[in-house]
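The sequence and structure are shown below.

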Amino acid sequence: MIASMTNIVKRYRAHTALDHLDLAIREGETLGLLGPNGAGKTTAIRVLTGLTGVDAGEVRLFDSDTPVTASAVKRRIGLVPQDLALYETLSARDNLSYFGRLYGVTGAALKARVGEVLDVLGLSDVAGKSPKKYSGGMKRRLNIGCAIIHKPELLILDEPTVGIDPQSRNHILDFVEEMNRQGTTVLYTSHYMEEVERVCSRVLIMDTGRVIAEGSVEELTRTSLFEETVTLEVRDPAPALAEGIGKVQGVLRCEVEGRLLTVTSTAGSQNLARILENASPYTILGASAKRPTLEDAFLALTGKKLRDGSENE
């Protein structure tokens, strides 16, 4: 286990940001951390990285009893915060050099590493320019570069793709996947479900300061929380068709709009075959079954959209 938080309590006056939180990060994984605004994700990251203390509980990093605030521990972590942490008056190269020295990288090793990071992030051609002349996506890439200049064992990315174009987002996701393939453990938070589905091997869902569900994307979407939806396109459907499908065990409702029938069944009913059997006397032009998504799981577990509420975490 590369990191663990056990029974963590963190309060801000009357507000409990973390409520006996248990969280573990396994070595070599890319762990997605999801939750509605105010769930405690950013607070959890601040606790994990030693940026804020706790009222109760234990934080362990790298199977060591060394405090998370110790320099020796912090140098093994790379943190990409929500807000850009760059010096606008320095060039990209100088930003990377500065953060590298903070992490203890110096001399020829630092110069070589700066060149590597600029190449990997596609910023070599603009290395001499300051971030204030960069696009939002380029700034985000440089922000990541400053966090990985020292080759961290644990990379924490807190909303790394907010407000950038699709091309830059894809570049960052490619980079995260490559870092993980090279052995870096990654903790990834995002408001974009498709990003988490793409890059994360395991997902934790937080709400009200604690973890309420965890598992792979497949495990979370396979639970018994979700209704199943089958859509049929039928030539000249008669009212009797909807009536017959409505009697199939597990069917909750059958809605008809022109040639389209939308059939909603209880979770796990796997009704597609039985629905098609009822429709067999008709000419079926198309049929599809909706597979539950990570967003379906999230909404079912939290009852909230990811962008609901305030950012008070």
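This is a predicted model: local features need pLDDT of at least 70, side-chain atom pairs count only at pLDDT 80 or more; totals for chains, interfaces and linings use all residues.

Which side chain, then, joins that of Glu 159 in a polar contact? The partner is His 191, and the distance is 2.7 Å.

## Nonpolar cores

The largest nonpolar core comprises 45 residues. Those with the most contacts inside this core are Leu 34, Leu 96, Leu 123, Leu 142, Leu 157, Tyr 188 and Val 203. Helix α5 (residues 136-148) supplies the largest share of the core, namely six residues.

The surroundings of Leu 96 can be described individually. With residues up to four places away in sequence not counted, Leu 96 touches Leu 110, Val 114, Val 117 and Leu 118, as well as Leu 142, Gly 145, Cys 146 and Ile 149.

Across the whole structure, 13 salt bridges are found. One of them pairs Asp 19 with Arg 210, with an N to O distance of 2.8 Å between the side chains. Asp 19 belongs to strand β2 (residues 15-25) and Arg 210 to strand β9 (residues 210-215), so this pair ties together parts that lie 191 residues apart in sequence. Both partners are partly exposed: the relative accessibility of Asp 19 is 23%, and that of Arg 210 is 36%.

A further salt bridge links Lys 139 and Glu 88, whose closest N and O atoms are 3.8 Å apart. Because Lys 139 lies in helix α5 and Glu 88 in the loop between β5 (77-80) and α3 (92-102), the pair ties together parts 51 residues apart in sequence. Lys 139 is buried, at 18% relative accessible area, while Glu 88 is partly exposed, at 31%.

## Further salt bridges

The side chains of Glu 233 and Arg 259 also meet in a salt bridge, at 3.0 Å from N to O. Glu 233 is in strand β10 (residues 228-235) and Arg 259 is in the loop between β11 (251-257) and β12 (260-265); the pair therefore ties together parts separated by 26 residues in sequence. Glu 233 has a relative accessible area of 27% and is partly exposed. Arg 259, at 42% relative accessibility, likewise counts as partly exposed.

Salt bridges also form a network, in which Glu 29, Arg 202 and Glu 214 are linked.

## Domain layout

The domain assignment of the chain gives domain 1 as residues 3-221 and domain 2 as residues 227-291. How many Å separate the centres of domain 1 and domain 2? Taken over C-alpha atoms, the separation is 45 Å.

Definitions and conventions: Residues are numbered from 1 along each chain as its sequence is written. Side-chain values use heavy atoms; hydrogens and water are left out. A nonpolar core is a set of buried Ala, Val, Leu, Ile, Met, Phe, Trp, Tyr and Cys residues joined through side-chain atoms within 4.5 Å. Buried means under 20% relative accessible area, exposed over 50%, partly exposed in between (1.4 Å probe, protein chains only). Helices (H or I, at least four residues) and strands (E, at least two) are DSSP runs, numbered from the N terminus. Contact means heavy atoms within 4.5 Å. A polar contact is a pair of N or O atoms within 3.5 Å; within protein, one must be able to donate a hydrogen and the other to accept it, and residues adjacent in sequence count only if both atoms are side-chain atoms. Domain bounds come from an automatic or database domain assignment. A salt bridge is a side-chain nitrogen of Lys or Arg within 4 Å of a carboxyl oxygen of Asp or Glu.
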